[in-house]
Each structure stands twice: as C-alpha cells, then as structure tokens.
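Please look over the sequence and the model first, then read the points below alongside them.

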Amino acid sequence: AQKVTQAQTEISVVEKEDVTLDCVYETRDTTYYLFWYKQPPSGELVFLIRRNSFDEQNEISGRYSWNFQKSTSSFNFTITASQVVDSAVYFCALSANGGNNRKLIWGLGTSLAVNP
Amino acid sequence: DTEVTQTPKHLVMGMTNKKSLKCEQHMGHRAMYWYKQKAKKPPELMFVYSYEKLSINESVPSRFSPECPNSSLLNLHLHALQPEDSALYLCASSLRRGTSGSGQETQYFGPGTRLLVL
C-alpha cells in the first residue's frame, strides 16, 4: 500500500521563525517520486519540488529546504525566516511506478499560518 | 512558462443547469487531469487524458462528462449536479513521456473553478 502522512494538521508561527513541515511516506516500490505543493487561500496548487527515490541529496531554494531521508521514509520541508506570504496549506504527495503510476497519493496537508 | 488557465473562476448553478468548465495549457503537455477538492481536503483525481484519450476515470458519476478537443484544451461538462458536488475543480497537466516511467511527471495546476450548486 502507498500512503503519505502529514501528521501536523495546523501550524502557527510568528514571522521570521523557522518552521518544518513533516512528511512520512509508505511504498514498496524502489522507484518513486515525492512532491511538495503549496496551496494559498486563492486555491491554486503551486508546485514546489519533485525528488526521485535515487537522489537523497537535500535541496535548498532560497528560504525553502527539503530533507529527504530514505532510512526514515521522510521528506520534510523547512521554511527559514517565515513570512506572512508563506501562509498556505502545504501538501506532500507520492507517485510510484508500481500500480497506477498516473496517480498522486496525497497527504492530508498541513495548514501553515504565519502571523506578523 | 508553466501556466494552466481555467475558466470560469467562480460558477453558481442550479441542479437542472448545464454548464462547462474549461482548462487550457500551451506547454506542449500531453496528459491533462481533472481533480475535485473539498475544503480542507487534498485533491481527488477524477479523470486523466493522455494524448487526447481518456485513460483514467475514477468512477466519477455520469453527471460529470470530460472532453479533450485537442492537446491544449480540456473541458468538464456538468449536468444535473447535486449540492454535494460543490467544490473547487482543479485542472492539471503534465508532460507524458511515452508509456513507461510516467509517474515522475510533475503535474502543473490551474487556479481552479469554485463551483457552488444550489
């Protein structure tokens, strides 16, 4: 079975704090892909990152960074020096080559509120 | 340019109305998707088109009828909807390289249509 768990339903921080959003996944496939999307109140799902199962390098993009650890099946997302514009729901998703590889398996999302 | 456009942005319809949602992309993507998203939930896949052919129907009721007139356009025709069909409807597209290893394709989403069925 494939599954994505985002244990944090809601997080509230004050601007400039660092915040980490957790994502734990389950799959038996050896080849799989992990994604993070941001959904601001406007509704559009914005693609943030894709990572394949063979690349465990951490990635940094500006204030955003991702920590992929196969040993713990986690793909956590950290926002450094958070800003009000970071307020959104963040979804982690999994896609594997086994079974129906067209489908994304979504976590339930983490709602992040960054307060001024 | 990773832009997917959707019209209309908002739609209110009665249960006897017929309406259509439209989605367009000009990224050369050959896979297009319809999702339904209820508040505080992740998106739920409805349909997938690959090379203008319907490849996945997630057991969606027939009151939703998808159409892919060409590689850039995707429509969702709505008829006799129920109030519980009120939701955000999202369109997405991805590159679609052949028949294998396509699970890694990034899906790019449009801004969605907020549908209210009265």
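This is a predicted model: local features need pLDDT of at least 70, side-chain atom pairs count only at pLDDT 80 or more; totals for chains, interfaces and linings use all residues.

**The interface of chain B and chain A**

- On the side of chain B that touches chain A, at least two residues each are supplied by β4 (31-37), β5 (44-50), β9 (87-94) and β10 (108-109) of chain B, the strands being DSSP runs (E, at least two residues) numbered from the N terminus.
- The largest share of that side of chain B, four residues, comes from β4(B).
- By residue type, the side of chain B that touches chain A divides into 13 nonpolar, nine polar and five charged residues, where Ala, Val, Leu, Ile, Met, Phe, Trp, Tyr, Cys and Pro count as nonpolar, Asp, Glu, Lys and Arg as charged, and the others, Gly among them, as polar.
- In total, 27 residues of chain B are in contact with 22 residues of chain A, contact meaning heavy atoms within 4.5 Å.
- The area buried between the two chains is about 1,900 Å², of which carbon and sulfur atoms give 51%; buried area is the accessible area (1.4 Å probe) that two parts lose on being put together, summed over both.
- One salt bridge is counted between chain B and chain A, a salt bridge being a side-chain nitrogen of Lys or Arg within 4 Å of a carboxyl oxygen of Asp or Glu.
- The side chains of B:Glu58 and A:Lys103 meet in a salt bridge, at 3.1 Å from N to O.

**Disulfides and cysteines**

- The structure holds two disulfides over all chains, each a pair of cysteine sulfur atoms within 2.5 Å.
- In chain A, A:Cys23 and A:Cys92 are joined with their sulfur atoms 2.0 Å apart, and this link is left-handed, with -65° about the S-S bond.
- Because A:Cys23 lies in the loop between β3 (19-21) and β4 (24-26) of chain A and A:Cys92 in strand β10 (residues 88-96) of chain A, the pair ties together parts that are 69 residues apart in sequence.
- A:Cys23 is buried, with a relative accessible area of 0%, where buried means under 20%, exposed over 50% and partly exposed in between (1.4 Å probe, protein chains only).
- In chain B, a disulfide joins B:Cys23 to B:Cys91, with 1.8 Å from S to S, and both of these cysteines are buried.
- B:Cys68 is in no disulfide, and the nearest cysteine sulfur, that of B:Cys23, is 9.2 Å away.

**The loop at A:Pro41**

- A:Pro41 lies in the loop between β5 (32-39) and β6 (46-52) of chain A and is exposed, with a relative accessible area of 71%.
- Leaving aside neighbours within four places in sequence, A:Pro41 is in contact with A:Ser87 and B:Arg114.

Key
Residues are numbered from 1 along each chain as its sequence is written. Chains are lettered from A and ligands numbered from 1 in the order in which they are written. Side-chain values use heavy atoms; hydrogens and water are left out.
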